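Hi,

Here is the structure I said I'd pass along. Have a look at it first, and my notes on what turned up are just below.

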Amino acid sequence: LRGTLGDSFQELMRSSDNELLLWILFIGGVASKSSADRQYFVQGLGYLCRARQFQSRVDFGEAVDKVGPGLQSFSEQSAEIWTEMSLL
């Protein structure tokens with residue numbers, strides 16, 4: 001994703017399904033092995049959350065759970081990433 005699009009999150013949002021993009025960026029952030037990769041995905045999520053006007057961690061967590069596979073809640077991971085987004 002990063003190799004193809006760089007940091008052009010605005011362009012990515014115009015050409016992608018926002019629900020799918022939310023899931024890809026979220027899972028990318030959770031699964032990242034390096035801090036640079038995690039920061040990339042968290043920045044993308046921050047951009048997407050501002051565009052979708054999420055006002056709180058709860059809004060973000062509910063959106064992630066809605067697009068996830070429904071097998072579990074991702075509330076713990078959502079809270080961690082929401083905190084990281086607020087620091088950027």
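Let's start with G44, which sits in helix 4. Keep in mind that this is a predicted model. G44 has a relative accessibility of 2%, so it counts as buried. Leaving out residues up to four places away in sequence, G44 touches F9 and L25. F9 is 35 residues from G44 along the chain, yet their C-alpha atoms are separated by 6.0 Å.

Next, the core. The largest nonpolar core has 19 residues, and those touching the most other members are L22, F26, L45, F60, V64, I81 and M85. At least two residues of this core come from each of helix 3, helix 4, helix 5 and helix 6. Helix 4 gives the largest share, with six residues. In general, nonpolar side chains tend to be buried together in soluble globular proteins.

Not counting residues up to four places away in sequence, F60 touches L22, F26, L45, C49, F54, S78, I81, W82 and M85.

On to the helix packing. How do the axes of helix 3 and helix 6 cross? Helix 3 (residues 18-31) and helix 6 (residues 75-87) have axes that come within 11 Å and cross at roughly 90°, so the two helices are roughly perpendicular to each other. On the helix 3 side the contact is made by F26, G29 and V30, and on the helix 6 side by Q77, S78 and I81. The residues of this contact split into three nonpolar, three polar and no charged.

There are two salt bridges in the structure:

- R52 and E19 meet through their side chains at 2.9 Å, N to O. R52 is in the loop between helix 4 and helix 5 and E19 is in helix 3, so this pair ties together parts 33 residues apart in sequence. R52 is partly exposed, at 27% relative accessible area, and E19 is partly exposed too, at 28%.
- E84 and R38 meet at 2.6 Å, N to O. Here E84 belongs to helix 6 and R38 to helix 4, so the pair ties together parts 46 residues apart in sequence. E84 counts as partly exposed at 29% relative accessibility, whereas R38 is buried at 18%.

Most residues other than glycine have a negative phi. Q53 is in the loop between helix 4 (35-51) and helix 5 (57-67), and at 60% relative accessibility Q53 counts as exposed.

Cheers

Technical notes:
Residues numbered from 1 in each chain as written. Predicted model: local features only at pLDDT ≥ 70, side-chain atom pairs only at ≥ 80, totals over all residues. Heavy atoms only, no water. Axes fitted to C-alpha atoms, helices over the stretch in contact; angles between N-to-C directions. Helix = DSSP H or I, 4+ residues; strand = E, 2+ residues; numbered from the N terminus. Parallel < 35°, antiparallel > 145°, perpendicular 65-115°, else oblique. Contact = heavy atoms within 4.5 Å. Nonpolar A, V, L, I, M, F, W, Y, C, P; charged D, E, K, R; others polar. Buried < 20%, exposed > 50% of the residue type's maximum accessible area, 1.4 Å probe, protein only. Core = buried A, V, L, I, M, F, W, Y, C linked by side-chain atoms within 4.5 Å. Salt bridge = Lys/Arg side-chain N within 4 Å of Asp/Glu carboxyl O.
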